[in-house]
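Have a look at the model below before reading on. The notes go from one residue's surroundings out to the way the chains meet.

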Amino acid sequence: MKLELGNFYVKDIVFGDKISYSNGILTINKEEALSVVREDEHITEADLYIVKPGDKVRLVPVKEAIEPRVRVDGGPVFPGVTGELMQAGNGRTLALKDCSVLVVGKHWGGFQDGLIDMSGEGAKYTYFSQLKNIVLVADTDEEFEKREQQKKNRALRWAGMRLAEYIGSCVKDLEPEEVESFELEPITKRTAKINDLPSVVLVLQPQSQMEELGYNDLIYGWDANRMLPTFMHPNEILDGAVISGSFMPCSSKWSTYDFQNFPMIRRLYEEHGKTLNFLGIIMSNLNVALDQKERAALFVAQMAKSLGADSAIVAEEGYGNPDADFIACIVALEDAGIKTVGLTNECTGRDGKSQPLVTLDPKADAIVSCGDVSQLIELPPMETVLGELESLARDGLAGGWAGDEILGPSVREDGSIIMENNSMFCGDQVVGWSTKTVKEF
Amino acid sequence: MKKAILYINQFFGQIGGEEKADFPPEIREGLVGPAMELQKQLGDDIKVTHTIICGDNFMGSNTEEAVERILGFLEDKEFDIFFAGPAFRAGRYGSACGHIGKAVKEKFNVPVITSMNEENPGVEMFREHIYIFKGGASAAAMRKDIKKMADFGRRLLNGAELLSADEEGYFGRGIRRQVWLKEPVTAADRVIDMLLKKIHGEPFQTELPIPELDKVPIAEPIKDLSKAKIAMVTSGGIVPVDNPDRIQSASATRWGKYDVSNLERLEAGVFKTIHAGFDPAAANDDPNVIVPLDVMRAFEKEGKIGKVHDYFYSTVGTGTTQGEAARMGKEIVEDLKAAGVDGVILTST
């Protein structure tokens, strides 16, 4: 399987008459773009904005981030989600780099939504603060969940994907500025040199804890709650086979953009053939019931062993209850003789003294920690807010609150905020970008 | 000008050696013994105004009294920071520095800094509560240890950026916080580095050390339940409605025991839950859903168990630290043992 990602490095984004990309300038016809958004009659209000690093803009509630892309040979960017099923990870896909489509609720937020500051102190907390972003701010008629803490955000997330495909399509006939090639030989057909290297599998635990459909990450359109661990090619993930869900407290979440760019996968590709033999991805999931967690760990360890993996990396999209899946999976792999490193974030509580993961085991002796969801963050008012600032306090965002006897409300009258890192949009960057760690004080 | 006060024992306070270890607490204006070195290291902006001296045995055998007296000395003093020791490897001295340091921190909410050798038992007892710098084994390390305490104290009072426990050189207080790496290395790079080291059997450092598990072995089964006295202990916060022991609704440090010898069941309105971590409606309607006295009485009548213990024990589990929970558990166990209880049903929420 060979994937070519053809990259166009976006230096600026402007609104104009006709959608186009030329010399680093992405021009978007706003009305035409909004008509793509409004193809879904559930969208009741919609507007587009362009925000760039350094802009005095705060975005909240942010629901999703997507990299604009197009397939050269046709077909949906997200097979099984925005179009028919097809094999992802093969052929050439074109991508607009250094930019993303961000989806922001015009009013209503939820547990899983987050916040992005494009400048100031808050900008260091999210990856998307350093990108040029096309921001869709919209509302829907999904009355059933308007006041629910958990939202599927279906209309908004799908609008974001349509918009990303529409914008990506403007480079379809252009020659990319750079082509990155991702190719792994079939496992049994590798050279002796590669076979002699220590082999590694990457075990991913995307969010799938909601029993009800519509909230979890989708794999080729299939709800990850309804699957057992399976073997995947890394190219599939880099090429739109997985989309983000709408469930996890936001700093722990992996957006669709994160899946499309998965730095841990890219890093393993760099090592492949040099220091490691990258076997591929074991796509697991996160579960609620103990037997589901144990069953998934059992499948992962068996698969890794049968593949002949010497080592494994396990990454979880979440904290709290999913820590049990994470630790169980590491323990199962270690018990199978597979040397394992974990990749996660922590929740140590307001005072920093709580046990960092809900389950621990001495066999999990190698963990890279990307952040602490419970860290308090205080930020000054921002000139412009896209979305609705009050949602942080009002709508049950994981890191916000309406009132606190010591800290007061998350959103103050002057527009300054106090929140937990929990609601920084995909802030802990467990997919591999994080330059944060957690230390003892 | 910021102000500091230092606590030392009778030996360093130049009162005397072991024969003077019963020396009661005393506060002196100005500098005694190690206070002089501390003043020198702190510089001109922080003044050590007083030295407190107390015998190690006095503190050891009359802890409460010693602490109370010293807190009394401090009540009318102005100070921004409190130092104790350094205590090196001296166990009683380390424990004394810890006891008084913890009390001062709790009462006056000022930073407390001490220093002990890693083998000093005071480290494990008090590292959670105060800054304990990693010190030498004996007084030969006096200058070095005081310098570390003073440097950190000065930076702390100046509002300087404080680094992690390892980087600063004190024993970690069990507080984990996120930081950005000074030299930014992505998590993906760190994973590869750690993985390659682990694969090749080279030493590596996890970023999330797993604390030693404190596993309690499961007790032997009770041989004859029909003769056993069974007690109920709960972390579900069931108490008489006036909560006579003022058990906290979260992060509890107190427990209570309540007489049920004349009761067949716990009545709503007589008992309730004060636990803040769950919806209390069901428990308040029927407290037996948390402390199942009704069922235990039935078992008692059937002869399934010998007797229900006359008291049940209660505290609140939510937010309660493992340390406090362990302490309360030990205290409750002593009471249970004294009453000849054979078995316990432990209920949560």
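## A residue in the core

Two residues count as being in contact here if their C-beta atoms, placed from the backbone, lie within 7 Å. This is a predicted model, so keep that in mind throughout.

With neighbours within four places in sequence set aside, Met264(A) is in contact with Leu202(A), Ile313(A), Ala315(A), Leu343(A), Val431(A) and Gly432(A) from chain A, and with Ala188(B) and Val191(B) from chain B. Met264(A) also belongs to the largest nonpolar core, which holds 137 residues. Along with Leu136(A), Val300(A), Ile313(A) and Val191(B), Met264(A) touches the most other members of that core. Helix 2 of chain A (residues 154-168) supplies the largest share, at nine residues.

A separate core has 54 residues, including Ile52(B), Tyr131(B), Ala165(B) and Phe171(B). In soluble globular proteins, nonpolar side chains tend to be buried together.

## Where the chains meet

How many residues does each chain bring to the contact? Chain A gives 44 and chain B gives 33. On the chain A side, the elements with two or more residues are helix 6 (263-271) and strands 19 (311-316), 20 (339-346), 21 (367-372) and 25 (436-440). Strand 21 of chain A has the largest share of that side, with six residues. By type, the chain A side splits into 18 nonpolar, 13 polar and 13 charged residues.

Chain B has an open sheet of six strands, ordered 2-3-1-4-5-6, and the pairing is mixed. Strand 2 (26-29) and strand 6 (131-134) of chain B are at the edges with a single partner strand each, so one side of each has no neighbour in the sheet. From one strand to the next, the twist averages 25 degrees.

At one end of that order, strand 2 of chain B is joined to strand 3 of chain B (residues 46-54) by four bridges, and the two run antiparallel. Ile27(B) stands opposite Ile52(B) there, and Ile52(B) is among the members of the 54-residue core. Helix 6 of chain B (residues 142-157) lies across strands 1, 3, 4, 5 and 6 of chain B, at about 160 degrees to strand 5.

Note on methods:
Residues are numbered from 1 along each chain as its sequence is written. Chains are lettered from A and ligands numbered from 1 in the order in which they are written. This is a predicted model: local features need pLDDT of at least 70, side-chain atom pairs count only at pLDDT 80 or more; totals for chains, interfaces and linings use all residues. Ala, Val, Leu, Ile, Met, Phe, Trp, Tyr, Cys and Pro count as nonpolar, Asp, Glu, Lys and Arg as charged, and the others, Gly among them, as polar. Two strands pair if DSSP finds at least two bridges between them. Axes are lines fitted to C-alpha atoms, for helices over the stretch in contact, and angles run from 0 to 180 degrees between N-to-C directions. A nonpolar core is a set of buried Ala, Val, Leu, Ile, Met, Phe, Trp, Tyr and Cys residues joined through C-beta atoms within 7 Å. A residue is buried if 20 or more other C-beta atoms lie within 10 Å of its own, exposed if 12 or fewer, and partly exposed in between; C-beta atoms are placed from the backbone.
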